[in-house]
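Student: Hi, I have a structure open and I'd like to talk it through with you. Could we start with one of its sheets?
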There are 2 protein chains.
Amino acid sequence: MIKRYKYGAVIQTDAVVLELDETVGAVAFLGQYDETAQEFRYRLDAEDLVYGLGENVRGINKRGWLYESRCLDDPHHLETSNSLYASHNFFMISGTETFGVFMDYPGIVSFDVGYTNRNELVIHPEDSNFDLYIIEGKNTTDIVMQFRSLIGRSYIPPKWAFGYQQSRWGYMTAEDVREVVSQHRENHIPLDSVYMDIDYMERYKDFTVDEERFPDFKAFVEEMKAEHIHLVPIIDAGVKVEAGYPVYEEGVEHGYFCKNADGTDFVAGVWPGRVHFPDVLNPDARKWFGHGYKFLLDQGIDGFWNDMNEPSLFYSEEHFNEVLDSIGEFKGKNLDLEAFSTFTSMVDGLANNRDDYKRFYHKINGEMVRHDRVHNLFGYNMTRAAGEAFEEFEPDKRILMFSRSSYTGMHRYGGIWMGDNMSWWGHILMNYKMLPSLNMMGLLYSGCDVGGFSGNTTEDLVMRWIEAAIFTPLMRNHSSMGTRDQEVYRFEQLDTFKKLIECRYALVPYIYSEFMKAALTDTMYFQPMSFIYTEDEQAKEVEDQLMVGESIMSAPIYTQNATGRYVYLPEEMLLIRMRSCDDYDTEIMEAGHHYVKAGTDEMIFFLRKNHIFPIGSKAESIAELDDSKVKLITFQDQDVTYDLYDDDGYSTDYDLERDITTVKISKNGTCTVTGSRNLEVTVEMY
Amino acid sequence: MIKRYKYGAVIQTDAVVLELDETVGAVAFLGQYDETAQEFRYRLDAEDLVYGLGENVRGINKRGWLYESRCLDDPHHLETSNSLYASHNFFMISGTETFGVFMDYPGIVSFDVGYTNRNELVIHPEDSNFDLYIIEGKNTTDIVMQFRSLIGRSYIPPKWAFGYQQSRWGYMTAEDVREVVSQHRENHIPLDSVYMDIDYMERYKDFTVDEERFPDFKAFVEEMKAEHIHLVPIIDAGVKVEAGYPVYEEGVEHGYFCKNADGTDFVAGVWPGRVHFPDVLNPDARKWFGHGYKFLLDQGIDGFWNDMNEPSLFYSEEHFNEVLDSIGEFKGKNLDLEAFSTFTSMVDGLANNRDDYKRFYHKINGEMVRHDRVHNLFGYNMTRAAGEAFEEFEPDKRILMFSRSSYTGMHRYGGIWMGDNMSWWGHILMNYKMLPSLNMMGLLYSGCDVGGFSGNTTEDLVMRWIEAAIFTPLMRNHSSMGTRDQEVYRFEQLDTFKKLIECRYALVPYIYSEFMKAALTDTMYFQPMSFIYTEDEQAKEVEDQLMVGESIMSAPIYTQNATGRYVYLPEEMLLIRMRSCDDYDTEIMEAGHHYVKAGTDEMIFFLRKNHIFPIGSKAESIAELDDSKVKLITFQDQDVTYDLYDDDGYSTDYDLERDITTVKISKNGTCTVTGSRNLEVTVEMY
């Protein structure tokens, strides 16, 4: 049951798709809102767990830190970070009382989850205009389903987006891209797409392609498609200020850019230098910006990633000039601690300055609304611009789309990636822990930069990260300019990388099936163990294992020089230790704590008892995947069934009933297949 | 057996205390030095472990990263950091071949330990003038002992320095310090010292005390001593440029400061603004700077910490002016990616700029030596300056001394702390893993900032960190200005903190005994498990448990919201789960993998079979410690003995034979005590 409470003059976010009547009076569970302090306070019991808040640092259990919903381009994802790129104001308490809270509020809001006082949760929005939803349910799974039905169906990407993907900031020319592709194809390392970072554009201008470095782009897109490679260009939030550049000129002409208080167009500095921000909160401007993607769709592009849409701001022109003026005053002075701190913090404070977000305005329903009041909606609406355009131009086709920034609601238009992580072992785990939290928000198509974006990687880190990401819907190796090359062919153990990535393709029948079922039934693909094993006290503490779909428990190795790890099994399970799709060993392991060995070239995961795990065979791209046969691995002492979902992978015509093939394996090993597909199955029973 | 090889014109570092004849020809194990590439290359076998390199990030096993010995004040201790504050050029290979390598070289040197090629180790100094020592031994323990005898006996602090210590950048006045002390004393939280960060000085001038904020300092020192509190002031490397300030004027007059190429005094910017660096590599200048400490010794001070001695350099005056001139040119320009990067990297590049370290010179044996060639010796020689002065002024008394920067050799004059860590759970483990590596270098008196220096801490983090540091010789809670207060009395669970810190005092009889034996016999206090359980394959991979002295294995909990952890026992051991010094439970656990529960208020460690663990009782300061009686916890199936070391704790008159009391517990529980001390013992046998 969902109750809606309304406070003040709510700014419409379009986060939810259901219209609920307003409930009046004290808020269920949270009690009275303190108008003066602008906060809800809730007493946490010692055993209470707190789930949610989407993209954030720290644990699956969010207790013990202060989180702030304030979309922020800060590349340092540290334990002490309070904000990342996205804002997801939904959380659940699970313990003495079990309920969910969604604060639908587009401004900045903080969640003090036992940080200041270890047994107190405090929700503090910057002003008192918000919708608050309280969700009662029988458990966390139920609450998530209700929340998801409230916010609408998750975005579904094309099936090829479940293949292995390669990216790097620094593929400067078509030749660079060809080299990446041919290295994969010649070495038979599977690959489905290559990303085009900011380098493909003409001086970082949205909806342009540099013709010198990418001549005859349409033909190039075709050439790549012939190799089963999809090119995925980046789109940035800021539009370059440049006379003669049509996007700029149109935006100015129609008043589609964010404004200063005086009505002039606000100037920020990003990749191209001076830019204007398209006012994607204004429906007309949003439609116009969305139409920009057509330029690339028309050249055969079928996937995009939206970046810098917090929006990231290296500086505002006004502030930058103020700083330059002040800097001159330091000349010849003795810069002691205080003066030097002032100097460096002036420069450090240029980027993403809170005050700069108060300098510009959006036009919402004819009214000028200062940006900071709706800050968290920008990335969402940029991606919505694209999504609405795709529905208009390609209504029957799935277009790959994911964004860096987001707010609840955006999950209907795209996925997210977890932004600019680092080549740290610690970030394997940090990103892994975000997965179930993102799923709660409806962000099913997501993943992180495998191998790490910033900093120099190592061969073993890339290998372990590939293993850790083997079930992640978005599985993209991405890195920053200026760092060590990390395409897998750069390393010594090419054959091992090839085999591991082949495994990914063999797992796609399961991954895709579970993903689609989660998307079409508002459920989760990645779940904390405690959501399944609700009565298991130990499961509540496990932060480095996840349930993946209905059959699998994942347990990646994320420490350097380790050849094994500890695993907790809440029940008897089948260990699968995989080196390649046809080289793996298995072992039935009893419930409890185990130390499980796995060399760098091996990954481990577990099959739940009385569940079926379908695996396919290797392929060099999703297009070449043979989906006509699967092997069913089972570990059972009773009759079991599995619903295998598959479809054409490209169209938006989903039908859960039509597209499911049900396999049933009886206790004695007899297998029956029902459904409209011709599916050849073999059974491997334990 | 130690062999010495000499290359080029060696700059004397005084790292070693033994004069060894030169060996000629190809280097044992490493083979030929490649003069052109300036490197040694060594092929690592898959099973080889690499230990050493002192203060560095990553594992106890250093494989898989690139380390650079280049003393650096970088407060971000990240997985991808290559350098921290110290330079320790000793490492060991343990595997197919087992040997130690010490490159005695004062310039910058890199150690590529399987980073570029996972099975290759490359040592690359910046020039080819160095002494190389190759140590053969029967195992890592033996090699460490030989290395330690080569470099001389480790520094020994006064016994009070094993108590609990409190620090914070921001104790501005004597009143602030009094408040810290009274909070501890009134709440009966044990405490032995309070640190005075840069705030106590008059405008950050070395060897001054701000008389307004710390009036009648000598009386204040006395007042604190009466409460069994030692005040420990910081000393910085840079001497403020200020007419009338005697230290500055003397230094200029005698030419004791580092020079520019033109012979004028080099100007750097640090806390006080413009400073000169004392040329501590010049023996006359070193002696003069060391005499500076007398100003504080004379006021009753008996402990110091040396900081900013990499030397840290916020800017050089020359470079800063260049940058200011260039910044003006950005005005009015369109700052795109390239231009904005240039702008920000100009400012970011001000601090600790590699080129600035080429701007100044030391006078060594009458010759001018450019700083970068001897960069890593600065912190060492600043601390040596103090150490030599202490020997001169207080020959019979131990003075607490530890430094941020160091090079091998400095361990004879002081310990180190691990610099400006962060309030991250990950840093508990990072700092913990450094302990055995530091011990290998002879740095026995060391520890990290408990609770974390930078960033905001949490109550549970401070609590778990105290538990993790319970055996660390230097146990100091320290934090930065601008962060959340983290003295333990700031939190809710005061009684739990009190009990845990009381445990520390009860453990001091063991800690001090093991520390002193390690110092006086050139052995290690903290050891990797693999040094003891040399044949145990699993032990080689354990990175989060340490052997502490001869009886204990430590296994701290370092993850948030965890109420237990996995532990590997190479043999049967006795678990001790401690809540306070008289409230603990024990359990004999068999060899193998275990999951062990421990709530936030409990710490766990293990007693080795057939070893004795002496524990004392609580006290509010080391001075009040009752060292006349101990309880002996044993877990034995044969006769066992333990040598308990104790002494007056203050004088430099050490005598291992005289100061040891031997306790022997027979299989049937009979205990005999031999030695000159009157020691009352009780036995608790398992």
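Tutor: Happy to. Strand β37 (residues 629–635) of chain A is joined to β41(A) by 6 bridges, and the two run parallel. Keep in mind that this is a predicted model.

Student: Which residue in β41(A) is the bridge partner of Lys631(A)?
Tutor: That is Thr682(A).

Student: And what order do the strands of the open sheet come in?
Tutor: The order is β36-β37-β41 in chain A, 3 strands with mixed pairing. β36 (611–615) and β41 (680–685) each have a single partner strand and stand at the edges, so one side of each has no neighbour in the sheet. On average, neighbouring strands are turned by 25° against each other, direction ignored.

Student: Which helix lies across β36 and β37 of chain A?
Tutor: Helix α12 (residues 494–520) of chain A does, and it runs at about 135° to β36(A).

Student: Nice. Switching to the dimer contact: how many residues does each chain bring?
Tutor: Chain A gives 68 residues and chain B gives 68 residues. The area buried between chain A and chain B is about 5,600 Å², and carbon and sulfur atoms give 51% of that.

Student: Which three residues supply more than any other three of the area chain A buries against chain B?
Tutor: Leu337(A), Glu541(A) and Tyr566(A), which supply 11% of that area.

Student: What about polar contacts and salt bridges across the interface, how many are there?
Tutor: There are 41 residue pairs in polar contact, both residues at pLDDT 80 or more. The salt bridges across the interface number 4. Among the salt bridges is the one where the side chains of Asp325(A) and Lys331(B) meet, at 2.3 Å from N to O.

Student: Which elements of chain A each supply at least two residues to the side that touches chain B?
Tutor: They are β17 (273–276), α7 (317–328), α8 (337–348), α10 (425–440), β31 (564–569) and β34 (592–597). The largest share, 6 residues, comes from α8(A).

Student: How do the residues on that side of chain A divide by type?
Tutor: They split into 29 nonpolar, 22 polar and 17 charged.

Student: Back to salt bridges, what is the count over all chains?
Tutor: It comes to 113. One of them is between the side chains of Arg404(A) and Asp420(A), at 3.4 Å from N to O.

Student: Where do those two, Arg404(A) and Asp420(A), sit in the chain?
Tutor: Arg404(A) is in the loop between β22 (400–403) and β23 (406–407), while Asp420(A) is in the loop between β24 (415–417) and α10 of chain A. They are 16 residues apart, and the pair links distant parts of the chain.

Student: Now the backbone. Is the peptide bond from Glu310(B) to Pro311(B) cis or trans?
Tutor: That bond is cis, with omega near -10°. In chain A, a cis peptide bond joins Glu310(A) and Pro311(A), with omega about -10°.

Student: Where is the proline in each chain?
Tutor: Pro311(A) is in the loop between β18 (303–307) and β19 (315–316) of chain A. Pro311(B) is in the loop between β17 (303–307) and β18 (315–316) of chain B.

Student: One last thing: is phi of Asp14(A) positive or negative?
Tutor: Positive, near 60°, in a residue other than glycine. Asp14(A) is in the loop between β1 (2–7) and β2 (40–43) of chain A.

Student: Why would I take note of values like these?
Tutor: Because most residues other than glycine have a negative phi, and most peptide bonds are trans.

Terms used: Residues numbered from 1 in each chain as written. Chains lettered and ligands numbered in written order. Predicted model: local features only at pLDDT ≥ 70, side-chain atom pairs only at ≥ 80, totals over all residues. Heavy atoms only, no water. Contact = heavy atoms within 4.5 Å. Buried area = accessible area lost by both parts, 1.4 Å probe. Polar contact = N/O pair within 3.5 Å; in protein donor to acceptor, adjacent residues only side chain to side chain. Helix = DSSP H or I, 4+ residues; strand = E, 2+ residues; numbered from the N terminus. Nonpolar A, V, L, I, M, F, W, Y, C, P; charged D, E, K, R; others polar. Pairing = 2+ DSSP bridges. Axes fitted to C-alpha atoms, helices over the stretch in contact; angles between N-to-C directions.
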